[in-house]
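I opened my notebook to look up a few things in this model, one entry at a time. Follow along with the structure beside you.

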Amino acid sequence: MDRGGCQMSGGGGGDSSGPDNSGRISLEDLESFSEDQLSDSGNGSLEERETMQEEEESVRLLHYWQDVARGHQVEVAPEMAEPIQQLTTNNQGHSSREHVPFTVLGRKEKCGELLYEKRQYEKGHWACTTMREETYEQSICYGFMKIMRYICQQNSLESYLGMTLPIVTVVTTDESHSTISNDVKVAYFLPTEHQAQPPQPNDTDITIEIWPAATVYTRPFTGPTNEVTIIQQINTMAEQLEPAGECVNDSFMVAGYTNPAHINRQNEIWFLERPRGTRED
């Protein structure tokens, strides 16, 4: 299977001589590089210097991703240099991105802590790929890299589509919420300008799906996302919801606002409300 240029390595932490891993790479970091941070002086004509700076910038960004990701047992392959460069260049150094639109319907708090938020998401087009790897971490890594390439250029428009957040992964569990299935769907919400006519992916593993309007219960959490943490979050969320039968109980979503290699990921667990007439007593 083409894993989109992402592999899991068996090594431990990153090279201590590399970049400071306390600033672990994220989508925020990737798109906030400025020309001052990445430019380099050189001789020759202006055109030659600009070409050289562009090539050096691409290599620098790739090495930064590789060094940081290696500390999280993820290897970023060289062919990801172009998508990484395109995401940075097309964002023009700004960190703002389009978020999946929603309306807040309600919130439940206890002692100042947000237990969950109830939201309404409208119907929309999503680019999706389903991965089946040995671990959840591998599946989201491979899926993210495929989606990243689709966003950057591997689409029918042959152009950068624009980044949206969050990237959503759909997981299924057994009845007791103790085991996650190996099948993991990674989904990217198409920007507003592409919703009416979604660009088609070049990668046949990616499909364009229409997700219906839905009511979602969400709870934020930080840190790495793996089988253990997701099961913990699912069970914690289930305890907060009353009655639990209002929500789908075997399929859940993890919304990621930072990339899969980031150890302090900003995430949410999503529970999908059952349509009326199908709820459990």
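These entries cover a helix, a strand with its partners, a pocket and a tyrosine.

**Before starting**
I noted that this is a predicted model.

**Entry 1: helix α6**
I began with a length check.

Next I asked which residues of α6 are buried. My list reads T229, I230, I231, Q233, I234, M237 and Q240. I found I230, I234 and M237 among the buried ones, and I marked them to view along the helix.

I also looked at the start of α6. There, a side-chain oxygen of N226 comes to within 3.1 Å of the backbone nitrogen of V228.

**Entry 2: strand β9 and its partners**
Is β9 mostly covered or mostly open? Strand β9 runs over residues 183-189 and is mostly covered, with five of its seven residues buried.

Then I looked up its partners. Strand β6, residues 124-132, runs antiparallel to β9, and seven bridges join the two. In this pairing M131 stands opposite V184 of β9. Strand β8, residues 167-172, also pairs with β9 in the antiparallel sense, over three bridges. Here I noted V168, whose bridge partner in β9 is A187.

**Entry 3: the second largest pocket**
What is the volume of the second largest pocket? I wrote down about 320 Å³. Its lining has 17 residues, and W211, P212, A214, M253 and L272 lie nearest the centre. I traced part of the lining to strands: β11 (214-222), β12 (251-256) and β13 (266-272) each supply at least two residues. By class, 15 lining residues are nonpolar, one is polar and one is charged.

**Entry 4: Y160**
Where is Y160 found? It is in the loop between α5 (136-152) and β7 (164-165). Is Y160 buried or exposed? Its relative accessible area is 18%, and buried means under 20%, so Y160 counts as buried.

I finished with two distances. A polar atom of the Y160 side chain lies 3.4 Å from the backbone nitrogen of M163. Y160 and M148 are 12 residues apart along the chain, and their C-alpha atoms are separated by 10.0 Å.

Conventions:
Residues numbered from 1 in each chain as written. Predicted model: local features only at pLDDT ≥ 70, side-chain atom pairs only at ≥ 80, totals over all residues. Heavy atoms only, no water. Buried < 20%, exposed > 50% of the residue type's maximum accessible area, 1.4 Å probe, protein only. Helix = DSSP H or I, 4+ residues; strand = E, 2+ residues; numbered from the N terminus. Polar contact = N/O pair within 3.5 Å; in protein donor to acceptor, adjacent residues only side chain to side chain. Pairing = 2+ DSSP bridges. 1 Å grid on protein atoms, 1.4 Å probe; cavity = no way out; pocket = protein on both sides within 12 Å on 5 of 7 lines; lining within 4 Å. Points joined across faces, edges and corners; volume = space filled by probe spheres on them. Nonpolar A, V, L, I, M, F, W, Y, C, P; charged D, E, K, R; others polar.
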